[in-house]
Amino acid sequence: MRGSKLSQFGQQTFFVGPALLFFTLITIIPFLMGMYYSFTDWNGVSGNVSWVGADNFKAIFTNDPDFWSSFWFTVRFTVLGVVLTNIVGFFLAYFLTKPLKTRNMLRTIFFMPNVIGGLLLGFIWQFIFIKGFATMGDITGWSFFNLPWLGDATTGFWAIVMVFVWQSSGYLMVIYIASLSNVSKEVLEAAEIDGASRMQVLRSIIVPLIMPAVTIGLFLAISWSFKMFDLNLSLTKGGPFKSTESVAMNIYNEAFLNNRYGLGTAKALLFFLIVAIITVIQVRVTKSKEVEA
């Protein structure tokens, strides 16, 4: 019996061990080192590392308006990004689970933007906003196309939101399609026989039954929105005058451009704690609303 347990433990170690080793080397150890460096004044280059305690965190709360400006930008972006990507993804899935002849082709088309890398996608849309919209404005005369999409704080914000939703909603669409396909047809038919309208079926039957997918969709969208960096870099680079700078870009600039790695890791640690708290609350709230099919 004892030998059997040891053999089972050895098999588990054999299969799990390599993955656990790489996870430790790539994730756990760098995370712990980042926690240590957040209490130092290391510049990221030299071998001199001095312990400064909580000075970096004091500087963030008392003498770093740029960080809190970027944090407010990220919060606004996250709220809109999470809501819009989930709404667009859900309704794309809702209509693409109907018996349409071009259903599979449309699913592929809507999912394709998610396959393109964020930096490449951002540079493509940068060309569209600068050259494509200007040409469309000359042809149509519509003022919408002549707006300074990447040269103004307000339009720059909405430009990033638009591209983010366009890129991310296709992935959430796939999740919602999988969940909608598992909704019992008998339940929907019974509601139809009872005289329920389409809106009543959607609100009172479909949405409660796909809440596990909503939990996943909200979690992913919150994660993507908060850590958004590549689109920010390729579209506006945080400009004009840092008005569209996300927290991820602020941390990157602090650590690698200003050579204040200790302060940058302190910001990253603080940001990690805030995002972790928000996502835990979101998961608990949406989990509580899930129902049995």
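User: Happy to be looking at this one! Over residues 71-282, what percentage of the chain is helix, and how far apart are the end C-alpha atoms?

Analyst: Welcome! This is a predicted model, and over residues 71-282 the chain has 0% strand. UniProt, in an unreviewed entry, lists these residues as "domain: ABC transmembrane type-1". The helix share is 78%, and the end C-alpha atoms are 19 Å apart.

User: Are helix H3 and helix H12 roughly parallel or roughly antiparallel?

Analyst: H3 covers residues 65-95 and H12 covers residues 261-288; their axes come within 13 Å and cross at roughly 30°. Angles under 35 degrees count as roughly parallel. The crossing itself is right-handed. The angle therefore makes H3, relative to H12, roughly parallel.

User: Which residues make that contact of H3 and H12, and how do they divide by class?

Analyst: From H3 come Phe67, Trp68, Phe71 and Thr74, while H12 brings Lys267, Leu270, Phe271 and Ile274. By class, the contact of H3 with H12 has six nonpolar, one polar and one charged residues.

User: What is the orientation of H5 and H6 to each other?

Analyst: Helix H5 spans residues 118-140 and helix H6 spans residues 153-181, and their axes are 11 Å apart. They pack at an angle of about 130°, and their crossing is right-handed. H5 and H6 are therefore oblique.

User: How many nonpolar, polar and charged residues are in the contact of H5 with H6?

Analyst: On the H5 side, the contact is made by Gly118, Leu121, Trp125 and Phe129. On the H6 side are Ala159, Met162, Val163, Trp166 and Gln167. Sorted by class, they come to seven nonpolar, two polar and no charged.

User: Is Thr286 buried or exposed?

Analyst: Thr286 sits in helix H12. Its relative accessible area is 7%, and under 20% counts as buried. So Thr286 is buried.

User: Which residues does Thr286 touch?

Analyst: Thr286 is placed in helix H12. Leaving out residues up to four places away in sequence, Thr286 touches Met211, Thr215 and Leu218.

Note on methods
Residues numbered from 1 in each chain as written. Predicted model: local features only at pLDDT ≥ 70, side-chain atom pairs only at ≥ 80, totals over all residues. Heavy atoms only, no water. Axes fitted to C-alpha atoms, helices over the stretch in contact; angles between N-to-C directions. Helix = DSSP H or I, 4+ residues; strand = E, 2+ residues; numbered from the N terminus. Parallel < 35°, antiparallel > 145°, perpendicular 65-115°, else oblique. Left-handed = near helix turned anticlockwise from the far one by under 90°. Contact = heavy atoms within 4.5 Å. Nonpolar A, V, L, I, M, F, W, Y, C, P; charged D, E, K, R; others polar. UniProt positions renumbered as here; feature names shortened; annotations may be inferred. Buried < 20%, exposed > 50% of the residue type's maximum accessible area, 1.4 Å probe, protein only.
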